[in-house]
Amino acid sequence: VRTLTGHSSYVFAVAFSPDSQYIASGSGDRTLRLWSASDGTQVRTLSGHSNYVPAVAFSPDSQYIASGSGDRTLRLWRVSDG
């Protein structure tokens with residue numbers, strides 16, 4: 001069991017990538033964070049929303065993350081480089 005820390009506010013959403021390599025989390029700090037599922041290290045922080053992020057989903061091929069925010073936007077991020 002691991003505890004992944006890094007967000008500065010509540011975590012509202014968590015998703016595992018279909019290939020089991022990553023975990024994505026969405027938070028009240030207006031960011032998404034991408035984590036390595038194997039060791040729990042943070043891979044990158046994805047910033048761009050101006051409000052909380054309560055929805056996160058990976059594409060079926062694990063290449064993209066979609067996020068929905070309280071700022072009324074949906075963003076599409078490439079896993080490889082944000």
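## Ser67, out of the solvent

Ser67 is buried, since its relative accessible area is 0% (buried means under 20%, exposed over 50% and partly exposed in between, with a 1.4 Å probe and protein chains only). This is a predicted model, where local features need pLDDT of at least 70 and side-chain atom pairs count only at pLDDT 80 or more, while totals for chains, interfaces and linings use all residues. Residues are numbered from 1 along each chain as its sequence is written, and side-chain values use heavy atoms, leaving out hydrogens and water.

Ser67 sits in strand S6, residues 64-68 (strands are DSSP runs of E with at least two residues, helices are H or I runs of at least four, and both are numbered from the N terminus). Its side chain makes a polar contact of 2.7 Å with that of His49. A polar contact here is a pair of N or O atoms within 3.5 Å; within protein, one must be able to donate a hydrogen and the other to accept it, and residues adjacent in sequence count only if both atoms are side-chain atoms. Setting aside residues up to four places away in sequence, Ser67 touches Leu32, His49, Val53, Ala55, Thr73, Leu74, Arg75 and Trp77 (contact means heavy atoms within 4.5 Å).

## The whole chain

No helices here: the protein has zero of them and seven strands, so the element order from the N terminus reads β-β-β-β-β-β-β. The C-alpha trace spans about 30 × 25 × 20 Å along its principal axes.

Of the 82 residues, 38% count as buried. Among contacts with a separation of 6 or more, 34% come from residues 24 or more positions apart.

Asp29 is in the loop between strand S2 (22-27) and strand S3 (31-36), and it counts as buried at 12% relative accessibility. A polar atom of the Asp29 side chain lies 3.0 Å from the backbone nitrogen of Ser8. Beyond its neighbours within four places in sequence, Asp29 is in contact with His7, Ser8 and Ser9.

Arg30 is also in the loop between S2 and S3, but it counts as partly exposed, at 44% relative accessibility. Its phi is near 75°, a positive value in a residue other than glycine. As a rule, most residues other than glycine have a negative phi.

Ser62 is another non-glycine residue with a positive phi, about 65°. It is found in the loop between strand S5 (55-58) and S6 and is buried, with a relative accessible area of 3%.

Val79 touches Ser62, and its other contacts beyond four places in sequence include Tyr22, Leu34, Phe58 and Ile65. Val79 lies in the segment after strand S7 (74-78) and counts as buried at 7% relative accessibility. Val79 and Ile65 are 14 residues apart in sequence, with their C-alpha atoms 6.5 Å apart in space.
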